[in-house]
Amino acid sequence: MMTHSAHEAEQSLSTDFRQAMRHVASAVYLITSRGPDGDAGMTATAACSLSFDPMSVLICVNRSASLMRTLETSGKFVLNILSREDEAIANAFGSPAGKDSRFVNGDWYDVAGMPALRSSLSSIACDVANTMDFGTHRVFAGVVRQVDNRQDLEELLYCNGQFRHLANQ
């Protein structure tokens, strides 16, 4: 059984860790997939390149997220790297409210049989190669099958609880 002071120390550590992670500027991603129940997606900042041989990425998804079932059944996903003009879509996919109308807005197209966002900087179609559960999340390693890059768009970043972008210098 955890003592009162141990519980307070754990809560303090949790608060400090969350604050530390808020200071990290991160790209904003939209992870999308298509399964028997239709299209699903979520906004994420926990994604990165993994390897160039084989070309692969990592995504981290809370196991309680609505996207989990679709990822598990389809075994495929698209990692959309969001542009500055995608902020409203990032907000829509980052909230549990309106889950059924998320794909109403945006310029969507199919890549490898999955929904991809045409206004994103890049759309990277992947097949799930491996998974690992850690804490509340499942880490997916995806092997890259197709990449669609777009030009003349600005990045969307997230830092300190706000969307941001790099200043042109």
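Reader: Which helix gives the most residues to the lining of the largest pocket?

Author: This is a predicted model, and in it the largest pocket holds about 1200 Å³ of space. Helix H1 (4–22), E3, E5, E10 and strand E11 (157–159) each supply at least two residues of its lining. The element that gives the most, with 5 residues, is H1.

Reader: Which residues of that lining are the closest to the centre of the largest pocket?

Author: The lining of the largest pocket is made up, by class, of 13 nonpolar, 11 polar and 2 charged residues. Of the 26 residues that line this pocket, those closest to its centre are Arg18, Met21, Thr45, Ala46 and His137.

Reader: Which element supplies the largest share of the lining of the second largest pocket?

Author: About 230 Å³ of space lies in the second largest pocket, and the residues that line it include Asp37, Gly38, Asp39, Arg69, Lys99 and Asp100. Two elements, E3 and H2, each supply at least two residues of this lining. The largest share, 4 residues, comes from E3.

Reader: How many of the residues that line the second largest pocket are charged?

Author: Among the residues of this lining are Arg69, Arg102 and Phe103. When the lining of the second largest pocket is divided by class, 2 residues are nonpolar and 4 are polar, while the number that are charged is 6.

Reader: Which residues have the most contacts inside the largest nonpolar core?

Author: The largest nonpolar core has 18 residues, and the elements that give two or more residues to this core include strand E2 (29–35), strand E5 (55–62), helix H2 (67–74) and strand E6 (76–81). Apart from it lies another core, of 9 residues, with Ala90, Phe93, Trp108 and Leu117 among them. In the largest core, the residues with the most contacts inside it are Ile31, Ile59, Val61, Leu71, Phe77 and Leu79.

Reader: Is Phe77 buried or exposed?

Author: Phe77 is found in strand E6, and, leaving aside residues up to four places away in sequence, Phe77 touches residues that include Ile31, Ile59, Leu71, Met114, Ile124 and Gly142. The relative accessible area of Phe77 is 0%. Because a residue counts as buried under 20% relative accessible area, Phe77 is buried.

Reader: What distance separates the C-alpha atoms of Gly142 and Ser56?

Author: Gly142 lies in strand E10, and at 0% relative accessibility Gly142 counts as buried. Not counting residues up to four places away in sequence, Gly142 touches Met55, Ser56, Val57, Phe77, Cys126, Asp127, Val128 and Ala129. Gly142 and Ser56 are 86 residues apart along the chain, and the separation of their C-alpha atoms is 5.4 Å.

Reader: What distance separates the C-alpha atoms of Phe77 and Ile89?

Author: Phe77, which is found in strand E6, stands 12 residues apart from Ile89 along the chain. The C-alpha atoms of Phe77 and Ile89 are separated by 17 Å.

Reader: Why does Ser122 count as buried?

Author: Ser122 lies in strand E9, and, without counting residues up to four places away in sequence, Ser122 touches Leu79, Asn80, Ile81, Asp148, Asn149 and Arg150. The cut-off for a buried residue is under 20% relative accessible area. Ser122 is therefore buried, because its relative accessible area is 9%.

Reader: How many bridges join E6 to E9?

Author: Strands of a sheet pair through backbone hydrogen bonds, either parallel or antiparallel. E2 and E6 pair in the antiparallel sense over 4 bridges, and in E6 the bridge partner of Thr32 is Val78. E6 and E9 run antiparallel too, with Asn80 standing opposite Ser123 in E9. The number of bridges that join E6 to E9 is 6.

Conventions: Residues are numbered from 1 along each chain as its sequence is written. This is a predicted model: local features need pLDDT of at least 70, side-chain atom pairs count only at pLDDT 80 or more; totals for chains, interfaces and linings use all residues. Side-chain values use heavy atoms; hydrogens and water are left out. A nonpolar core is a set of buried Ala, Val, Leu, Ile, Met, Phe, Trp, Tyr and Cys residues joined through side-chain atoms within 4.5 Å. Buried means under 20% relative accessible area, exposed over 50%, partly exposed in between (1.4 Å probe, protein chains only). On a 1 Å grid over the protein atoms alone, a cavity is a set of points where a 1.4 Å probe fits but cannot get out, and a pocket is an open set with protein on both sides within 12 Å along at least five of seven lines; lining residues have an atom within 4 Å of a point. Grid points are joined across faces, edges and corners, and a volume is the space filled by probe spheres set on the points. Ala, Val, Leu, Ile, Met, Phe, Trp, Tyr, Cys and Pro count as nonpolar, Asp, Glu, Lys and Arg as charged, and the others, Gly among them, as polar. Two strands pair if DSSP finds at least two bridges between them. Contact means heavy atoms within 4.5 Å.
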